[in-house]
Amino acid sequence: MENGESRFATCVFCDGSCPLSAACDEGELNLSPLNPAIPALCSKAVRWRDYVDHPDRIVRPRKNVGTKRNPVWEDISWDQALDEIAEKLTRVVEQYGPEAVAASEMPLNIGIGGVTRRFLNHLGSPNYITPLLLCMGNTAQVHRAVYGWFTGPNWDAADLVVYFGQDRGPERWPVEFHKLNAALARGARLIEVDPRTTETAKRADERIALRYGTDAALLLGWINVIISEGLYDREFVEAQTTGFDELACWVAQYTPEKVASICGIEPEQVVRTARMYAQAENAIIPWGVVGDMSVNSTAMLQCQCILRAICGFLNKSEMVFGPGIGALSNTDIADFPALSPEQRAKQIGIDAYPLMSFKAMELYRPAFERIGLSQPSDIMCCSATATPNLVFKAMAGKGPYPVKAFFAVGNNTVMSYADQGQVIEGLLNQDLVVVFDHWMTPTAQLADYVLPGDTWLERDFMGPVFDVAPATTFGHAFIEPRGEVRGWYDVLKGLADRMGMGEAFPWNTKRDLYDHILSPLGAPFDEASVRPAIGKEAVAHGSFLTPSGKVELLPSVFESLGIDPRPAYVEHCEPGVDESAYPFIIFAGARDAKSYNTNHHQIAHLRELEPEPLLFINPVDADELGVEEGAWVRVSTTVGSVELVAHIDAVQPEGTLRVPHGWWKPETAQGLENGLSGAQLHNDGLLFSGEAWNLDPVQGLPNLRGGIRAKVTV
Ligand SMILES: Nc1nc2c(c(=O)[nH]1)N[C@H]1C(S)=C(S)[C@@H](COP(=O)(O)OP(=O)(O)OC[C@H]3O[C@@H](n4cnc5c(=O)[nH]c(N)nc54)[C@H](O)[C@@H]3O)O[C@H]1N2
Ligand SMILES: Nc1nc2c(c(=O)[nH]1)N[C@H]1C(S)=C(S)[C@@H](COP(=O)(O)OP(=O)(O)OC[C@H]3O[C@@H](n4cnc5c(=O)[nH]c(N)nc54)[C@H](O)[C@@H]3O)O[C@H]1N2
Ligand code: SF4
Ligand SMILES: [Mo]
């Protein structure tokens, strides 16, 4: 960049996606937040130089010329890498069919959405998964079934914020942290539902310290109180919803007393907080990951959706957007019609867990056709996906058919799902594993080819990378790409050309693709991207994008798929576990400030501040076990065990443990024989089962929160 020049970009060192400005001042490049409400950059963004110029960063394509268990890496050219991958992929397709190719992708990390699905759709594979499913997948499908689209809170209007386990801070989603601060400063109240007294919980007007995994019961109790006391918005319910009378009968069983005993709280608190919610002018329940990571996820999220609607908050404080008009969407780019009905029907999980699959997607078609769109949106890139744990089983040769080629795209697959052992078994059984990343992650260590990806600092950007809200955002590269790193579009284009799929990728560069996406606006990328964002008008649909056009409190889509539409609380039940041998309850989460999921552990300045994976344990439990602060301990479930450093903390309720997500030690020896650089010692995925008993029964996504039994050995 020239002296005095400034550009804007979107940081994706975490999924906060903060807009930043990069300015060149007297030869020095400085980053600062573009949002005036954010006082400073977080520590990960401050350390951007340590990241992009890290000596361990992969900046050339690599091939494993050793074995899967003991890899030997050789740098190769891009041409050799793409030639060989295309050839091996073609062989897998010829031998097993295109459905034998699967991909796990995090579009946020790689800065482009829709193109991997396009590649799979044209190749003929329905087997796309994303770790985003564990984050927002349950939410996406439940919101869609009830409202036809995802909701977003209107923070400016909120007079009551209800958080389920969210603990925001200056290093953990600062943008929302500052919105919360502003709302509380304005006098908005806060209900925090969390077993732990987090920093956010300390600021709450009501703190509901329920038992892990019982949120759905609490919410059913709220709905019952609100309906039986007549605190709901009758006008909205009558005009705009379906299923209310049946819902009212159904929830009557969830009395405050019953719910309170399930949750381990007082019945008065259930009643008091239900009234507080219903009587607010503009309450919001912002998205939080706890809702997506329990066996009761679907029920919990459905209850939240019901509450927003019956209390009259929709499109006041809880905005239901819809597909935007103007620029093309990620769904348009994905080109779902290219995948034949026969191939869609082969999607792994389509019968067991149809809500996330192509089967459910089809049920929204009439609603989208009503507003003039030819295909339902792939909202949040979590619609029409395969079921992750079943894909890993198929990769391991456990049916329903072989999956033999796997792409990990901006995703550390080994560490980002439940049942790490199953993921590894699946990867070992592949004819081809391609990883597109920055580092020799535990997943990359099991690859045949590791392809070096660019970072957000080195690429132009146009968002959003999945269809969620009607807006288009822009960013510009502000440093030179290091070594031979490339963007993901170029990789796919290179493969498509070599595999006779060039016609499906007619844009020579990502820039050409961006111009195509912007063509309905008549402004190419160069012109449109002079500002950081342009608002995209939502399609004026005048009704909800559900089959009935109304808010479906008991969704017809559920019924069509054979799913009971009445939300119910189910006690988490771990088969055959001896509770006296496994006396603790664990959850994974409470994110570390200095890393992001599995990333950033290699940045020395950050690592010094959070050097080891921490187990949070209550002082009473630590005392009883004779565990001292800072001691290494082993935590085991019936599935597996990890080694962690004890951190004695009264915030962690007695009888419960917190295990961290995403810990590996990039500085330690690589390869499966060496424990995948610590991933086989520390990651939460070793502890959580991917079997049916630990999955949300509707969507087949794993519990990583309440209910798992564990023991601690010193
Ligand atoms: N066991 C378990 N699994 C989980 C969770 C959990 O708590 N426990 N949490 C879930 C949640 S909430 C989420 S959001 C997901 C997160 O899933 P991901 O976002 O996939 O997170 P990571 O597994 O850290 O994978 C990030 C990988 O992408 C690489 N990467 C980052 N930026 C870029 C880039 O610009 N280009 C390329 N090519 N690569 C890049 C990083 O080096 C890293 O290896 O995981 C989910 N999975
Ligand atoms: N620095 C940093 N920031 C991040 C991330 C990171 O890795 N590092 N990750 C980002 C991502 S991908 C996500 S999804 C978000 C996640 O951020 P959050 O949504 O805040 O989720 P967690 O931090 O996993 O969990 C927070 C709380 O959930 C509580 N909890 C656990 N089980 C239950 C339960 O059953 N019910 C209720 N009510 N509460 C429960 C725990 O006690 C804990 O205090 O953070 C984002 N921000
Ligand atoms: S919180 Fe930090 S790491 Fe995350 S997007 Fe914002 S600046 Fe980047
Ligand atoms: Mo997440």
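Helix α12 (residues 256-263) and helix α13 (residues 267-279) of this predicted model pack at an angle of about 110°, and their axes lie 7 Å apart. Here helices (H or I, at least four residues) are DSSP runs, numbered from the N terminus. Axes are lines fitted to C-alpha atoms, for helices over the stretch in contact, and angles run from 0 to 180 degrees between N-to-C directions. The two helices α12 and α13 are therefore roughly perpendicular to each other, a term for angles of 65 to 115 degrees. Their crossing is right-handed, that is, the near helix is turned clockwise from the far one by less than a right angle. The contact (heavy atoms within 4.5 Å) involves P256, E257, V259 and A260 of α12 together with P267, V270 and V271 of α13. Of these residues, six are nonpolar, none is polar and one is charged. Ala, Val, Leu, Ile, Met, Phe, Trp, Tyr, Cys and Pro count as nonpolar, Asp, Glu, Lys and Arg as charged, and the others, Gly among them, as polar.

A second pair consists of helix α6 (residues 132-147) and helix α14 (residues 297-310), which pack at an angle of about 40° with axes 9 Å apart. This angle makes α6 oblique to α14, the class left over when angles under 35 degrees count as roughly parallel, over 145 as roughly antiparallel and 65 to 115 as roughly perpendicular. The crossing of α6 and α14 is right-handed. On the α6 side, the contact is made by N138, T139, V142, H143, V146 and Y147, and on the α14 side by S297, T298, L301, Q302, Q304, C305, R308 and A309. These residues divide into six nonpolar, seven polar and one charged.

Residue L220 is located in helix α9 (residues 215-228). With a relative accessible area of 0%, L220 is buried (under 20% relative accessible area, 1.4 Å probe, protein chains only). Beyond its neighbours within four places in sequence, L220 contacts V251, Y254, C303, P567, A568 and Y569. Its C-alpha atom is separated by 9.8 Å from that of I306, 86 residues apart along the chain.

No disulfide (a pair of cysteine sulfur atoms within 2.5 Å) was found in the whole structure. For C311, the closest cysteine sulfur is that of C303, at 12 Å, too far for a bond. C311 is buried at 8% relative accessible area, and C14 also counts as buried, at 18%.

Residues are numbered from 1 along each chain as its sequence is written, and chains are lettered from A and ligands numbered from 1 in the order in which they are written. In this predicted model, local features need pLDDT of at least 70, side-chain atom pairs count only at pLDDT 80 or more, and totals for chains, interfaces and linings use all residues, while side-chain values use heavy atoms, with hydrogens and water left out.

Terms used:
Buried means under 20% relative accessible area, exposed over 50%, partly exposed in between (1.4 Å probe, protein chains only).
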